[in-house]
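Please examine the model displayed below. The report that follows considers a sheet and then a helix with its surroundings.

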Amino acid sequence: MLVKKQYDVVVIGAGPGGLAAAIDAKKAGADDVLVVERDVELGGILLQCIHNGFGLQTFQEDLPGPEYAQRYINEARSLGVEFLLDTMVMDVTSQRKLYLSSRDFGYLEVDALAIVLAMGCRERTRAQVRIPGYRPNGVFTAGTAQRWVNVEGYMPGNNFVILGSGDIGMIMARRLTFEGAHVERVLEIQSYLSGLSRNYVQCLDDWDISLQLQHTIKKIIGKDRVEAIESVAVDDKWNYIPGTEEIIPCDTLLLSVGLIPENELSKKAGVALDPVTGGPYVDEHFQTNIPGIFAAGNVVHVYDLVDYVSMAGGEAGKSAAEFALAEKDRAARYIPLVPGMNVRYIVPHKLDKKALERGDISLQMRVTRPIEEDVWMEVRGETNSIVRRSERYVRPGEMVTIVLKPRMAAEVEKAGRLTVDIYPKSEA
């Protein structure tokens, strides 16, 4: 694969939102679409979600996560979407420039006419919920345990307590039970379920796994390995209720205590974030406050169904393609003005091809060195001279001007660029 210097649309992230964005960007007319993914495989978190429940909205089928992802991967490849895997996006600017670090290609700089942020979200950790106790082995986020069991083939423990009734935690309660582990109970600090009701029914209730609402962990017990946790009931303000403490023996604690949109790159690009969701402010086309930078999926706010992530990604990709095509049309309207012999700069720097239809255009410039004899000032296209006029002399301290007339419009429109030269008549 040859990495281009510029793409119509660059998508950051190859999860369900990113794949849908790339596909719909292609379908909307974007020629060059690149997906950058830090993992070595496409599909994002779906690859470890081997349970079913995916695709009911999108495909009207009940699919496991990897199959749902594979359908999007196949379509993206068939449309000619390009992929950079095992590649980190180090920085994104508001001018839509990306700085990448790739194992295969090294350090890369890529320009995009439009960008879709689809980095997804990450799990809250023990440090973010401030659970007291030593730091023993056996404390994991539910997503980490999910990957170990479903992808790597490792069991993180035998006797589990799960803190938080998020969907991944409830799903892992059932999954661990399938693998022969014992899940003592699920604790939830809120007075209500955090995840989907269907996951409570299918993953906890159907398997006789206890859920205790308005309970949390007061302390982790164990120094080298988790030995037990001390649970406690809380009131409506999350204050501990004295006398409700209980020691629950276990060797592993899973945390399913919420997800955080991944927006470090968004911040670098100057994208404004909503303090409530943790994701970018977006309009109805999923465009952020930075023109040409779009965001969709769990990077904006945490969804409950992957189908909705894909729908949002598709809309963002379509909108990004439309923005990129408009940018290309706008760029095609303009002709660059290039300083040639003895010209330091030219103002304006570029010229609208249709501008001469509205009247004269003055090109103003300064020379790089004085010429104290008769000179020619010449504007030319790639192969022909468009206008030439004479001056008695030119000096760097004095601005000089040459005027383009409406009668020259046809020749100007044909030119890919205009070069201005200033040189002695004796050298003509």
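## Strand pairing in the sheet

In this predicted model, strand E18, which covers residues 334-339, is joined to E20 by 3 bridges, and the two strands run antiparallel. Within this pair, Pro336 is found opposite Lys350 of E20.

Both strands belong to an open sheet of 5 strands, arranged in the order E20-E18-E25-E22-E23 with mixed pairing. At the edges lie strand E20 (350-352) and strand E23 (385-391), each of which pairs on one side only. From one strand to the next, the twist averages 20°.

## Helix H5 and its cover

Helix H5 consists of 12 residues, 167-178. From its first C-alpha to its last it reaches 17 Å, close to the expected 16 Å. Just after H5, Gly180 adopts a positive phi of about 95°.

Which residues of H5 are buried? They are Gly169, Met170, Ile171, Met172, Ala173, Arg174, Arg175 and Leu176. The elements that cover these buried residues include helices H4 (142-152) and H6 (197-204), together with strands E9 (159-163), E10 (182-188) and E15 (252-255).

## The packing of H5 and H6

The axes of H5 and H6 are 8 Å apart and meet at an angle of about 15°. An angle under 35 degrees counts as roughly parallel, and H5 and H6 are therefore roughly parallel to each other. Their crossing is left-handed.

On the H5 side, the contact is made by Asp167, Met170, Ile171, Ala173 and Arg174. On the H6 side, Asn199, Tyr200, Gln202, Cys203 and Leu204 take part. In an α-helix there are 3.6 residues a turn, so residues three or four places apart point the same way.

How values were computed
Residues are numbered from 1 along each chain as its sequence is written. This is a predicted model: local features need pLDDT of at least 70, side-chain atom pairs count only at pLDDT 80 or more; totals for chains, interfaces and linings use all residues. Side-chain values use heavy atoms; hydrogens and water are left out. Two strands pair if DSSP finds at least two bridges between them. Helices (H or I, at least four residues) and strands (E, at least two) are DSSP runs, numbered from the N terminus. Axes are lines fitted to C-alpha atoms, for helices over the stretch in contact, and angles run from 0 to 180 degrees between N-to-C directions. The expected span of a helix is 1.5 Å times one less than its number of residues. Buried means under 20% relative accessible area, exposed over 50%, partly exposed in between (1.4 Å probe, protein chains only). Contact means heavy atoms within 4.5 Å. Angles under 35 degrees count as roughly parallel, over 145 as roughly antiparallel, 65 to 115 as roughly perpendicular and the rest as oblique. A crossing is left-handed if the near helix is turned anticlockwise from the far one by less than a right angle, and right-handed if clockwise.
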